[in-house]
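Here are my notes on the model you passed along. Have a look at the structure first, then work through the points below.

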Amino acid sequence: MTIKVLGISGSPRRHGNTETLLDSFLDGAKAAGASVEKVVLKEINYSPCRGCNACHKTGECIVKDDAPGVYDRILAADIVAVASPIYSMGITAQLKGFIDRAQYLWARKFILKTLSFSEDHIRRHKGIFISTAGQNIDHVFDSAFPAITALFHGTGFDYTENIVANNMDFWNGIKNHPTALKNAYERGQQVVRDMKNLNGTS
Amino acid sequence: MPVKVLAFAGSPRRFGNSETLLDWTLASMAEEGDVVVEKVPLTDANISPCRGCNACEKLNKCIQRDGMDTYHDKIIEADCIVLASPIFCMGLASQVKALVDRAQVFRSRKYVLKLPVVPPERKGKRLGIFLATAGQTWPHVFDAAVPSVKCFYHVIEIRDADISYLMVNGVDEKGVIAHHPTAKADAEKLGKSVIAELKNRLSEGTAP
């Protein structure tokens, strides 16, 4: 079975630092034999969660747009890499808007009890967060992690690592960073190799 | 001059817990004399997310034409800016994050273009209030929202020490905050104390 890797780009800017870092990860995954797809949130049609809680009763979102289809693709993937630049010490409003839409999965899991993930399932599904920040401060990514944790918990993924690069303003872009792109590429290869080992298909 | 309070009700759900907490706070403020309160539900505010184009670093202005054209000016004019958000997925509701991210134009003005966001005499005379509610009972449920809130206030010239917080966890279903043992009293106390402090500061350096 081919390992399926899905990248989700949450930046409003196309082909900027974060999406480039994600692409490097996905290229590495592809080189290691995975099938790779990418969803660019900017290019799809979805609106934020309305907080109506209708899904608490039905397990379905009442908003009919592209978001549930992307969640179907997340649930069908073996490895998901979700990417966002840091804006105002957090993920973008665009990615947060998408993550908040997973409430119907949360409702299935915790209220309706129609969705659950076994420990073995979670072990075989890896979630990775990819991010860049202009700022030089070390803790600039910290407030992004809890929402990413919520996303991966809700979708049955083992959130295993962050591939992040700060100080983009100093480096004048990811392409000038001495190690970030190479590191992301290698991590992409390695995560796929590890998954193959785990599944006994290497 | 009346004290101007501008409040953003950030929940996509109208009249829910975070908006109720906001309403209690605003009502207590309005009870004080000489206070003008404006509440803006973000559901009606037409504020799109930031596009990350960085044009504001050169133009000193956002290239998007939407509700932010109005609220940009109101944010500058207000003496107190209140932000209310529910916690979704351990962070600000994305609607609130969109407002916070659109404050990028103020960041560009302050740090890139090195221009004043408010006149120098108004610095230190602006206060912020962050109100939040969360369904979860974890005490750390608000932690990831606070740094983004601080960014918002910093770039609109409200200092760390001038931000007050009232964050109520364990309130999930619509309306349950009404049964919370302290939330209403805390909100009213906060509203009154912020107005008293503002009147104090605004009268400093002016003739009696």
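1. Let me start with B:Glu157, which counts as buried at 12% relative accessibility. Buried here means under 20% relative accessible area, exposed over 50%, and partly exposed in between, with a 1.4 Å probe and protein chains only. The side chain of B:Glu157 meets that of B:Lys123 in a salt bridge at 3.8 Å, N to O. The term salt bridge covers a side-chain nitrogen of Lys or Arg within 4 Å of a carboxyl oxygen of Asp or Glu. The two residues are 34 apart and link distant parts of the chain: B:Lys123 sits in the loop between helix H5 (104-112) and strand E5 (127-133) of chain B, B:Glu157 in the loop between H6 and strand E6 (163-168). B:Lys123, for its part, is partly exposed at 48%.

2. A word on the ground rules: this is a predicted model, where local features need pLDDT of at least 70 and side-chain atom pairs count only at pLDDT 80 or more, while totals for chains, interfaces and linings use all residues. Residues are numbered from 1 along each chain as its sequence is written, chains are lettered from A and ligands numbered from 1 in the order in which they are written, and side-chain values use heavy atoms, with hydrogens and water left out.

3. Another salt bridge in chain B joins the side chains of B:Lys192 and B:Glu32 at 2.9 Å, N to O. B:Lys192 belongs to helix H7 (residues 183-203) and B:Glu32 to the loop between helix H1 (17-31) and strand E2 (35-41), so this pair ties together parts of chain B that are 160 residues apart in sequence. Helices (H or I, at least four residues) and strands (E, at least two) are DSSP runs, numbered from the N terminus. B:Lys192 is partly exposed at 30%, and B:Glu32 is partly exposed at 26%.

4. Over in chain A, the side chains of A:Lys96 and A:Asp100 form a salt bridge at 2.8 Å, N to O. Both lie in helix H4 of chain A, 4 residues apart, about one turn of the helix. A:Lys96 is buried at 3% relative accessible area, and A:Asp100 is buried at 2%. The helix around them (residues 93-100) is mostly covered, with 8 of its 8 residues buried.

5. Strand E3 of chain A (residues 79-85) has 7 of its 7 residues buried. A:Ile79, A:Ala81, A:Ala83 and A:Pro85 point one way, A:Val80, A:Val82 and A:Ser84 the other. E3(A) runs parallel to strand E1 (residues 4-9), joined by 5 bridges, and pairs in the parallel sense with strand E4 (residues 126-132) over 7 bridges. Pairing requires that DSSP finds at least two bridges between two strands.
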